[in-house]
Amino acid sequence: MITRSLTHWGLYDFHVENGVLKDVSPVPEDPDPSPIGKNLIKGNYAHRVLQPSVRKGFLEGNKSSFRGDDEFVSITWDEAFDLVAAELKRVKNVYGNDAIYAGSYGWASAGRFHHALSQLHRFLSCLGGYTESINTYSFAAAEVILPHVIGRYEGLLKAPTSWPEIVDHCELMVCFGGMPLRNSQITNGGMGKHVQRDYMHRAKSAGVNFVNISPIRSDNAIGLGSDWIPIRPGTDVALMLGLAFELYTNNLHNKAFLERYCSGFDEFERYLTGLSDHQPKTPEWASTITGIPSHKITTLAHHMAKSKTMISMAWSLSRHQHGEQPYWMGITLAAMLGQIGLPGTGIGLGYGVENKVGKNIAGKYLGHFPRPPNPVDSRIPVARLTEMLERPGQTYRYDNAEHLYPDIRLIYWAGGNPFHHHQDLNRLKAAWQRPETVICHELVWNSTALHADIVLPSASFLERNDIGGAPNEDILVAMKQALPPLAGSLTDYEIFSQLAERLGDPDTFTEGKSEDEWLRSIYQATAAANPDMPDFETFWADGIHEFRTPAPHNLFSQFRKDPDKHKLATADGRIMISNRAMGHPVWLEPGEWLGGNGAHPFHLISHQPESRLHSQLYHGETSQSEKISGLAPISLNPIDAAASRFATGDKVRVFNERGAFYAAIQLDDNIMTSILSIATGAWWDPDEDGVCRNGNPNAVTQDIGTSALAQGPSALTCMVSIEKVTSA
Ligand SMILES: Nc1nc2c(c(=O)[nH]1)N[C@H]1C(S)=C(S)[C@@H](COP(=O)(O)OP(=O)(O)OC[C@H]3O[C@@H](n4cnc5c(=O)[nH]c(N)nc54)[C@H](O)[C@@H]3O)O[C@H]1N2
Ligand SMILES: Nc1nc2c(c(=O)[nH]1)N[C@H]1C(S)=C(S)[C@@H](COP(=O)(O)OP(=O)(O)OC[C@H]3O[C@@H](n4cnc5c(=O)[nH]c(N)nc54)[C@H](O)[C@@H]3O)O[C@H]1N2
Ligand SMILES: [Mo]
């Protein structure tokens, strides 16, 4: 039997025999399917949590036992519901609802109803509230800076100027951080056809020249023939300042655009020329910081000025210390070129990072599992998790204001894996011991499950019915149950429904509705907001609804036509190159970088994984097949390898004062020297010396806010050393 369902990485047919998944094949309509799906054949079964489980020390009240180092005991669902309900009641009554942290960041699975975070948030809102998290790991710095600079950020980040407009009008696409095709395999919420490779090649055929500014050549598909400009990580602002200086001193900046559409250029101009700080931001100055020869910077500046230019910036640039600055400076540079709002040019943040980017217009409404407002007004910037646990009741700054960290007594996680995604995992582990109770719903025994007190086994998306789709994609899918729930597991909805009953109020959470009734109501909400949708029965029988693709669009074209009528949502309605509270974009030296004088010689890039989505299906076949000698591959330039006598396959320990992991050397001349690059997503698994066996880079990354403005993650600002290890 074949059942079609949706994942974040595409639409697949699931081949099931006698209730067992035998094969996964992409739908024939997908021109460029992702191999990530194959991970599910084994991945849907391996390492699954098969029974509710409790940490032994927690059950026995042994205060000296350590979360993450303890054994687990199986209990029945009845015992589990009683235990979780009692803990929630106790913490709520003794400390109040804000002592419950359910920020619970994570991608969970596709599906508008069974979305684990929505389930958790609704459940806890019904229980009186919880401390939540705001912003993302993906681009927190952008979420906070962009409203001050350019107003709404959603368009810039998720739905910039469409590819067909780039194909038709653009001449030069300058990609900071590249546009890696490996990342376009996915769209949060799911998608049908993978289109990014085709769009990029259509643009090349139409004559678009690509420049890839990145430490890694293959961040732009090699076939695009991009001009590769290797750059030291974390120094893009200095490069952009050098470009801006060259434009400015050659009178190539668009003064009319700056005058009519922007404010604050004069303040910035004083900084650019060195009037305010005695340092003109010349290409030579930029060269000493970025490692890029100054003649390359001047040539690029002139090329950009005389071409129809699109500036593209990867989201990774925001995951550095001072990650607010590259986007502010990128917008400033694009404003100096004066092409914002014209067809196929200007600026877009995120081409290549997800399949949806550059495809459709944002804003299509899709129904979802409704979440009543959280009655508790307590939240943290998502990446300040460890600090919140370390410093209860203390203050921190965020978005130009002072805030208090809540005193967390219970953590509840569903649909995310902080012990893969958070920075400096050794520090998180220590802070994680402070709350009295940690509860999580998981499919698998990953590092987060192993660091909980109570683990409740969730059914996977293949084991339930749902409706899936993403607002910026063009399909809505009837995600039909393909498999029976694995023995012992329940859907998150069933778990929360039973807990709500134990807590004496089943109806607020469930509204008395079954899965089928919820799917119908979510579908009705979608159909009410979008034209020409069939009734639910027809949709369910057809299995898929295709939305009409909107016409290609150019971001900021309305603003360009009439900036007084179509004001931006900034303080003065214009692009704010400087503002009184925050100044203007500046180059700030990071605490760790290749130009610093720290002890460690390599900059570690931890990028998104090619063979999986984050830590999901880490244990799947496609993901595991990337390993070399059983270890995670870490890429290194052959020149560095020769200097240190490393060869492909060598086992190494990568370390700094925060921690260490093992990996296997993979030589790659597409990487600049002094860089190590490794995929994220390995399940953190420290050995007796604390060295992660699986190669999770967050064993060594630093957990600091991007700045007091956004407090985003700074995972990519990370220096390390590396040594060969002889013992296996
Ligand atoms: N060093 C470094 N670290 C990074 C990054 C980086 O670039 N460098 N990138 C960061 C970014 S951008 C992100 S978005 C994060 C991603 O981090 P996460 O979003 O936390 O990663 P996932 O592996 O997608 O976690 C989803 C979890 O949900 C579980 N799950 C799936 N479906 C269900 C379900 O139906 N119910 C329940 N209960 N659970 C389910 C999966 O088993 C998995 O454990 O990582 C961040 N971490
Ligand atoms: N297959 C797959 N695709 C994914 C994901 C996944 O887990 N798997 N995750 C998705 C998610 S949640 C997100 S947020 C997006 C993330 O999208 P991005 O944040 O854009 O992706 P990354 O892979 O982290 O980084 C892209 C490239 O940026 C370069 N880079 C790093 N630092 C610098 C710098 O300082 N300057 C310059 N110029 N370049 C730099 C690195 O070489 C890296 O390869 O990807 C999404 N796509
Ligand atoms: Mo992300």
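Modeller: Helices (H or I, at least four residues) and strands (E, at least two) are DSSP runs, numbered from the N terminus. This is a predicted model, in which local features need pLDDT of at least 70 and side-chain atom pairs count only at pLDDT 80 or more, while totals for chains, interfaces and linings use all residues, and side-chain values use heavy atoms, with hydrogens and water left out. Residues are numbered from 1 along each chain as its sequence is written, and chains are lettered from A and ligands numbered from 1 in the order in which they are written.

Colleague: Across which strands does helix H19 lie, and at about what angle does it run to E18?

Modeller: Angles here run from 0 to 180 degrees between N-to-C directions, with axes fitted as lines to C-alpha atoms, for helices over the stretch in contact. Helix H19, made of residues 492-502, lies across E17, E18 and E19, and its angle to E18 is about 140°.

Colleague: In what order do the six strands of the open sheet with mixed pairing stand, and which are its edge strands?

Modeller: Two strands pair if DSSP finds at least two bridges between them. On that basis the six strands follow the order E5-E4-E19-E18-E17-E6. Pairing on one side only marks the edge strands, which are E5 (72-74) and E6 (100-101).

Colleague: Which strands of this sheet does helix H3 touch, and about what angle does its direction make with that of E19?

Modeller: Contact means heavy atoms within 4.5 Å. Helix H3 (residues 77-95) packs on the sheet and touches E4 (53-55), E6, E17 (410-414), E18 and E19, and its direction makes with that of E19 an angle of about 130°.

Colleague: Which strand gives the most to the lining of the second largest pocket?

Modeller: On a 1 Å grid over the protein atoms alone, a cavity is a set of points where a 1.4 Å probe fits but cannot get out, a pocket is an open set with protein on both sides within 12 Å along at least five of seven lines, and lining residues have an atom within 4 Å of a point. The second largest pocket is lined by 41 residues, among them Arg-182, His-607 and Glu-626, which are included in those nearest its centre. H8 (196-205), H24 (621-624), E25 (633-636) and E28 (675-679) each supply at least two lining residues, and the one that gives the most, with three residues, is E28.

Colleague: About how much space lies in the second largest cavity?

Modeller: Grid points are joined across faces, edges and corners, and a volume is the space filled by probe spheres set on the points. Two cavities of 30 Å³ or more are found in the whole structure. The second largest cavity is lined by 14 residues, with Gly-234, Val-237, Gln-321, His-322 and Pro-326 nearest its centre, and its space comes to about 120 Å³.

Colleague: To which residue of E30 does Arg-653 stand opposite?

Modeller: Strand E26 (residues 651-656) is joined to E27 (residues 659-667) by six antiparallel bridges, and the two form a hairpin with two residues between them. E26 also pairs in the antiparallel sense with E30 (residues 719-724), over four bridges. In E30, the residue opposite Arg-653 is Glu-723.

Colleague: In E2, which residue is the bridge partner of Leu-6?

Modeller: An open sheet of three strands has the order E1-E2-E3 with antiparallel pairing. Six bridges pair E1 with E2 (residues 10-17), and in E2 the partner of Leu-6 is Leu-11.
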